[in-house]
Amino acid sequence: MNGLSRTLIIFFILLNFSSCKKEEAETPKRPNILFIMSDDHAYQAISAYGSQLIETPNIDRIAEEGLLFTNACVTNSICAPSRATILTGKHTHINGKIDNKMPFDTTQVTFPQLFQNAGYQTAMFGKLHFGNNPKGVDDFMILPGQGHYINPDFITPRGDTTITGYVTDIITDLTIGWLDKKRDKEKPFMMMYLHKAPHRPWWPSPEKFKAFSKKTFPEPESLFDDYKNRGTAAKTAEMNLYEHMMYNHDSKIRPETIAEMGLVKPQVEEYVNGFYGPYGRANATQKEQYDIVLDSINEDFRNHWPSMNKTEKMRWKYQRYMQDYLGTISSVDDNIGRVLDYLDESGLAENTIVVYTSDQGFYLGEHGWFDKRFVYDESFKTPLLIRWPNEIKPGTTNDEMVQNLDFAQTFLDLAGITAPSDMQGESLVPLLKGDVESWSREAVYYHYYEYPSVHMVKRHYAIVTKEFKLVHFYYDVDEWELYDRLRDPQEMNNVYADPAYAEIVQKLHKELEELRIQYKDSPELDQKYIDMYQD
């Protein structure tokens, strides 16, 4: 072979190699997905949503660098059903997890399985709530059931274990540890980083307990709501701060103090050990740290509670509630900051989509309540913030009606994985890219089932648009409510019987029936789940 021929051959080899490298470089890498979810985190407790209660600079950072949804909501405002809907992309009447007690249909395909099958490495750390062997997850350490704040137990593929420390810090340590040491760097990952906080009973870390117990928080306008323009459901629910928030389980009053003062109610048999359940898990050093604040709270209660009137007692309970609830959230925010910093420092941030949400909203004294369950906004709406570098315009907001029903299909779409045809949500990717014109949904469907049960929130289903909310309470009542979301954002006035809204009522009734058909819900299914519940 002469010199010219050899030169030509080398030239064509190099040209072909260069072309292959260019093609390889132009093939976009599949994005990593970090799904962060807290439990019962009210949007009213995130400063990016305008909170006057707390600053959450690290969660806010996701909004500042991405997109914040102002009308994100859930299909069923209760923990395990919400999680089942997120995993399956289906309403609870389809996946079977209608409440915290009914079994999840384990034949359902979950989106982590689809990621795993598509070559993603998958992991889950924190609170799943149901099951002890999550499907489609390569590695996991999950809390059994609700889990514990102090020295929590974990279920792992290698057996159960207990880790000393505070749960929010530990879940974050496990998450960063997996990303740093156990991740296969040749594969994209889908990580589920799931906090227990701020679920009841609200036990902050010792340092947050000390700091927040000294704070005073503004009261919501409807703290002393009398429900006069609402129906039976609001009037009979058992989640009023004064009437139903427990001294030991919720307000951190020692059982000895309660006995000494001769106090009996409110008390629920299920939580008879509500103080010593969490406190009893602490070791001697941890108890010393907690006791400083507990002594102060109990002394204040002993000295002032007997002379307070009902209004003052309501306000005292509200402040104690906010001090503990917001203290747990402060730890969540700090730890999310740790994870975001790790993504930046490791170089992962550029190709990692970060999602922050809660399994539902929560009442922070609005209508005099704590807990969730109702389709009213504080529990129905949920925070949703998404960061997608180079795709989402930083600092944007969106007010479309999106739901946790949409998460599975959105994640699959982001990863280029085909979603099963029986999923019931819609991909949010067009909205993430600013293509609002492609979004056609105008109304969402909601259905709550767990009644009669704790908090006694009646069964109901609803249709919700940006402007209105039509609700049907059923089972032991047959009542309808309509709220004008624009004119009455606090939902204080049921205008269902107002003649001025007659046409709107008629229109929404028709659309609600259409949604029930679209999502395969029906009166027959309503009765089926009532019968199952009674059995």
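Residues are numbered from 1 along each chain as its sequence is written, and side-chain values use heavy atoms, without hydrogens or water. In this predicted model, local features need pLDDT of at least 70 and side-chain atom pairs count only at pLDDT 80 or more, while totals for chains, interfaces and linings use all residues.

**View 1. Overall fold of the chain.** The chain holds 18 helices and 16 strands (DSSP runs numbered from the N terminus, helices being H or I of at least four residues and strands E of at least two). Along the principal axes, the C-alpha atoms fill a box of roughly 105 × 65 × 45 Å. Of the 535 residues, 59% are buried (under 20% relative accessible area, 1.4 Å probe, protein chains only). Among contacts with a separation of 6 or more, 68% are between residues 24 or more positions apart (contact means heavy atoms within 4.5 Å).

**View 2. His-455 in the loop between strands E13 and E14.** Strand E13 covers 444-448 and strand E14 covers 460-464. His-455 counts as buried because its relative accessibility is 5%. Its side chain forms a polar contact of 3.4 Å with the side chain of Asp-371 (a pair of N or O atoms within 3.5 Å; within protein, one must be able to donate a hydrogen and the other to accept it, and residues adjacent in sequence count only if both atoms are side-chain atoms). Leaving out residues up to four places away in sequence, His-455 touches Arg-200, Ala-237, Glu-238, Met-239, Phe-370, Asp-371 and Arg-373.

**View 3. Lys-458 and its polar contact with Asp-476.** Lys-458 lies in the loop between E13 and E14. With 5% relative accessibility, Lys-458 counts as buried. The side chains of Lys-458 and Asp-476 make a polar contact of 2.9 Å.

**View 4. Surroundings of Lys-458 from other parts of the sequence.** Residues up to four places away in sequence are not counted here; Lys-458 touches Thr-232, Ala-233, Thr-236, Tyr-448, Tyr-451, Phe-473, Asp-476 and Val-477. The C-alpha atoms of Lys-458 and Ala-237 are separated by 7.7 Å, with the two residues 221 residues apart along the chain. Ala-237 is also one of the residues that His-455 touches.

Methods
Buried means under 20% relative accessible area, exposed over 50%, partly exposed in between (1.4 Å probe, protein chains only).
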